Amino acid sequence: MGKIWRVSGPLVVAEGMRGSKVYEVVQVGDEGLIGEVIGLDGDQAVIQTHEETQGLKIGENVTPTGRILTVDLGPGLIGSIYDGLQKSLLTLIENSGHFIKRGATSEALSPSAKWDFQPVLKVGDRVQGGDIIGVVPETELVAHKIMVPPDMGGVITELNKGAYTIEDMICRLENNGDKTDLTLMQKWPVRKPRPYRSRRDPTDLLVTGMRIIDYMFPLSLGGKAGIPGGFGTGKTVTLQQLARYAQTHLNIYVGCGERGNEMADVLYSFQDLTDPLTGRPLKEKEIFIANTSNMPVVAREVSIFVGITIGEYFRDMGYDVLLVADSTSRWAEAMRELGGRLEEMPGEEGFPAYMGSRLSAFYERAGRVETVGSPDRVGSLTAMGAVSPPGADFSEPVTQTTLRIIEALYSLDVSLANKRHFPAISWLSSYSLYVGSTKEWWDKIDTAWEDTRNSAMRILQKEAELEEIVRLVGPEAMPEADKLLLLSAKMLREDFLMQNAYHHIDTYCAPKRAHLMMKTMMRFYELSQGMMESGMTVAEIRQSPMITKISRMKDIENDVFEDKVKELWAEMESGLVAR
Ligand code: ADP
């Protein structure tokens, strides 16, 4: 047992700690605050506490636990709301009211809940790490596969069907005389990636229902994406839309250092939502980790790793998981604060030099993988992090470091947000390296996707190039061909890229629907080019009633959409403007 020697913010220096290890969990002070050893020097240990340290006194005890920080993985995770240390906030509130005392403990998974365990193997079967031994139907949407922990194996000598708590023995393994008992729960160190057999190419589209993402800058299942944006540009709304509508098996929302009332909004709004595809409550496929700005800063890092570890665990079951983190900047700021207190040599703008490696340690755990264990299965974990650069200045270190790691960038633009163009994702500065890898997925909808997408991008880029000239000479002085391009670009911007998260139909746009919308707009452009060549002016083309009809495509109910669009096409082919 050690004694507190010095307290500096979230850092505690303790003496008498010889024999401790880096990352060992310790209990600090009389209240037993949770901390981790982050440095050792002789018999002194530097401890980062994950709870407020106010009032800690020199000489109070520090008790090493011999454990490292782990995540509890098992039935009961889904629908939970955790703090950064995987304490269940709902249980904490039940136990200690809305003002949670520090040092308060709460099990991550209910020790008394009973789960219906249905084995899929039998006594005598030989198993190894990752093998699925049975299933717990945890929610209507997610069957929780019970797996042999990665580092265990043997012959099954007992396998119990029925209702069990997470602490009951459900399976006994024997390996050369050694017996191991398995429960429905396993623990895993937060900072250690779970093993997998091999990485797979991220070839499938992660359907988000946002046209600018799915169609223009597709994200793959297993991809890594960042969404930087200044205050009020739509980071939170976008991440919430993804957590709601992404066509994945499970979503994890990590609120990291954002304001408490914003997080409360998110949690409340999710309570009543249903999954658009199944009609089931969304909380049956959602896990929340809320580490708000008034919670201790150093727990921010842990909250992100708790989230990604839970994500990997469900990926191991063969599921597609999405993790969104709002915001990685707040986490980086916590690193800066801690680095300062440790008197480390600061890097750019005071951020520690290891910030890049920490951020990439997070994103690198995303990916599409063939899991360990049998039966063979492939799962994916997609990570999307919001970045909040101060003053929307993307040249600052957290944004720049993130850019080097991610493969899809959704860059939020203040001027678009000011114009109320939402989502304010800039089509000029965003990119996705998954355009090629998702082509095969899109080909199943229409092999024309890539060409259509690229043509639309060219129109939008050309519009940006022409902007300066328009400003100088005015739109009416432009050549007819440019005027038509500008008309078409405006249509793409306002009727395709703009998408209202609060409109009951437009909030989610299936990829096929997005493609039909885009095809209609591109066909309009083609036909009007033909008419222009045969002598019609753009002023005349602008009178076409088709323009209004195209702009209303967003409002058409899904079940009649294809029929209505076919009618629109027939009308368009018979002439854009009555002569
Ligand atoms: P940030 O998290 O970047 O500070 P928010 O996500 O809170 O910004 O968005 C700010 C506001 O912008 C929202 O309250 C909403 O009015 C508007 N907004 C953002 N995205 C959309 C969207 N996709 N559809 C409609 N409105 C949006």
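**Close-up views**

**View 1. Asn176 sits in the loop between strand E15 (171-175) and strand E16 (178-182).** Helices (H or I, at least four residues) and strands (E, at least two) are DSSP runs, numbered from the N terminus. This is a predicted model, where local features need pLDDT of at least 70, side-chain atom pairs count only at pLDDT 80 or more, and totals for chains, interfaces and linings use all residues. Residues are numbered from 1 along each chain as its sequence is written, and side-chain values use heavy atoms, with hydrogens and water left out.

**View 2. The loop between helix H9 (414-418) and strand E26 (431-432) holds Pro423 and Arg420.** Arg420 has a positive phi, near 60°, without being a glycine. With 60% relative accessibility, Arg420 counts as exposed. The peptide bond joining Phe422 and Pro423 is cis, with omega about -10°. For background, most residues other than glycine have a negative phi, and most peptide bonds are trans.

**View 3. Pro375 lies in the loop between strand E23 (367-370) and E24.** The bond from Ser374 to Pro375 is cis, with omega near 0°.

**View 4. Thr382 is part of strand E24.** This residue is buried, at 0% relative accessible area. Skip its neighbours within four places in sequence, and Thr382 is in contact (heavy atoms within 4.5 Å) with Leu206, Leu219, Ser220, Leu221, Gly222, Gly223, Val321, Leu322 and Leu323.

**View 5. Helix H8 (residues 397-405) has buried residues Pro397, Val398, Thr399, Thr401, Thr402 and Ile405.** What do they pack against? The buried residues of H8 pack against strand E19 (224-228), helix H6 (328-341), helix H7 (355-363) and strand E24 (378-387).

**View 6. Helix H13 (residues 511-533) packs with helix H16 (residues 558-573) at an angle of about 10°, with their axes 11 Å apart.** The axes are lines fitted to C-alpha atoms, for helices over the stretch in contact, and angles run from 0 to 180 degrees between N-to-C directions. H13 and H16 are therefore roughly parallel to each other (under 35 degrees is roughly parallel, over 145 roughly antiparallel, 65 to 115 roughly perpendicular and the rest oblique). On the H13 side, the contact comes from Lys512, Arg513, Leu516, Met517, Lys519, Thr520, Arg523, Phe524 and Leu527. H16 brings Asn558, Phe561, Glu562, Val565, Leu568, Trp569, Met572 and Glu573. Sorted by class, that's nine nonpolar, two polar and six charged residues (Ala, Val, Leu, Ile, Met, Phe, Trp, Tyr, Cys and Pro are nonpolar, Asp, Glu, Lys and Arg charged, and the others, Gly among them, polar).

**View 7. Zooming back out, the protein has 16 helices and 26 strands.** Its radius of gyration is 27 Å, close to the 25 Å that the globule rule gives for 579 residues, so the protein is as compact as a globular protein of that length. The radius is taken over C-alpha atoms, and the rule is 2.2 Å times the number of residues to the power 0.38. Along the principal axes, the C-alpha atoms fill a box of roughly 90 × 55 × 40 Å. Of the 579 residues, 55% count as buried.

Conventions. Buried means under 20% relative accessible area, exposed over 50%, partly exposed in between (1.4 Å probe, protein chains only).
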